[in-house]
Amino acid sequence: MTGSPTLAEIVTRRHSTRMFLPDRPVPIELLNECLALAMKAPSNSNVQPWRLFLATGARRDKLAAALAAEARAHPPVTMGLPDSFLPLRRELGALVYGSMGIARDDAEGRWTARLRNFEFFYPPVAGVVCMHRDLGPADAVAVGMFVQTLLLALTERGLDSCVQVSTTLYPDLVREQLDIPEELDLLCGLCIGYADPAFPANSLTIPRNDVAQNVVLVD
Ligand SMILES: Cc1cc2nc3c(=O)[nH]c(=O)nc-3n(C[C@H](O)[C@H](O)[C@H](O)COP(=O)(O)O)c2cc1C
């Protein structure tokens, strides 16, 4: 392929990475470029509600170790979903765990794989996305726009990522480790780095619904 990738190519190329190369650093100038682009996301009243806390080096190691220890001591409760969404979660689990060679009834294998969430899948940059606790759903939409813009900018530069809810399941621990002010709620975790190409789950393409299942065109 020659020339710059199109937006469609970048959107299609972005996917969740669940094993990073821990020793391949993220060039700070690339990260800064991506963050500056993400800041262009729209928001209600231009309040720019996204707040990001990213850790590298020893700080990241300490956070990941503390989270993994906490998850081992107090295993996370899987978040509930309305029944109609459960088949999609099951399908995702079958694809992700299946690609790792973990059978549906292999509880120990699943737990070992799940624990990697709490170590952020070993990226050089890991953190959380936050928002002021008194803001609302419309502002959370804007935070999502910021995050997706960031992910696409990272993808365009050959970087990989994963958004995670798992790491926000222990909010007090993360808050303490990253000095997050009390008035911010944790929305999701974020991992940034270079994917380990040898890890099969990193090559998955997760299917999507047909557009008509999610979009109603009224005329
Ligand atoms: C808000 C949010 C939370 C997520 N939480 C997790 C998580 O805790 N662990 C994980 O492995 N993937 C997590 N993901 C990744 C999704 O599973 C993934 O985006 C989805 O299955 C589609 O796959 P793709 O990103 O590879 O296209 C999360 C994604 C989002 C947007």
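In this predicted model, an oxygen atom of the ligand is 3.0 Å from an N or O atom in the side chain of R14, and an oxygen atom of the ligand is also found 2.6 Å from an N or O atom in the side chain of S16. A nitrogen atom of the ligand, in turn, lies 2.8 Å from a polar backbone atom of V165. Around the ligand there are 14 residues, the closest being S16, R18, N117, V165 and S166, where a residue is counted if one of its heavy atoms lies within 4 Å of the molecule. Residues are numbered from 1 along each chain as its sequence is written, and side-chain values use heavy atoms, with hydrogens and water left out. Local features need pLDDT of at least 70 and side-chain atom pairs count only at pLDDT 80 or more, while totals for chains, interfaces and linings use all residues.

S166, one of the residues closest to the ligand, belongs to the loop between strand 3 and helix 7 (171-178), helices (H or I, at least four residues) and strands (E, at least two) being DSSP runs numbered from the N terminus. S166 counts as buried because its relative accessibility is 13%, the class being set at under 20% relative accessible area with a 1.4 Å probe and protein chains only. Its side chain is joined to that of N117 by a polar contact of 3.0 Å, a term for a pair of N or O atoms within 3.5 Å of which, within protein, one must be able to donate a hydrogen and the other to accept it, residues adjacent in sequence counting only if both atoms are side-chain atoms. With neighbours within four places in sequence left aside, S166 is in contact (heavy atoms within 4.5 Å) with N117 and F118.

Helix 7 itself holds Q177, which counts as buried because its relative accessibility is 14%. Not counting residues up to four places away in sequence, Q177 touches R59, K62, L63 and A66.

The largest pocket has a volume of about 2100 Å³. Of the 47 residues that line this pocket, R18, L88, R89, L92 and V96 are the closest to its centre. Two or more lining residues come from each of helix 1 (7-13), helix 4 (86-99), helix 5 (107-115) and strand 3 (160-164). Helix 4 gives the most, with 10 residues. A pocket here is an open set of points on a 1 Å grid over the protein atoms alone, where a 1.4 Å probe fits, with protein on both sides within 12 Å along at least five of seven lines, and lining residues have an atom within 4 Å of a point.

Note on methods: Points joined across faces, edges and corners; volume = space filled by probe spheres on them. Buried < 20%, exposed > 50% of the residue type's maximum accessible area, 1.4 Å probe, protein only.
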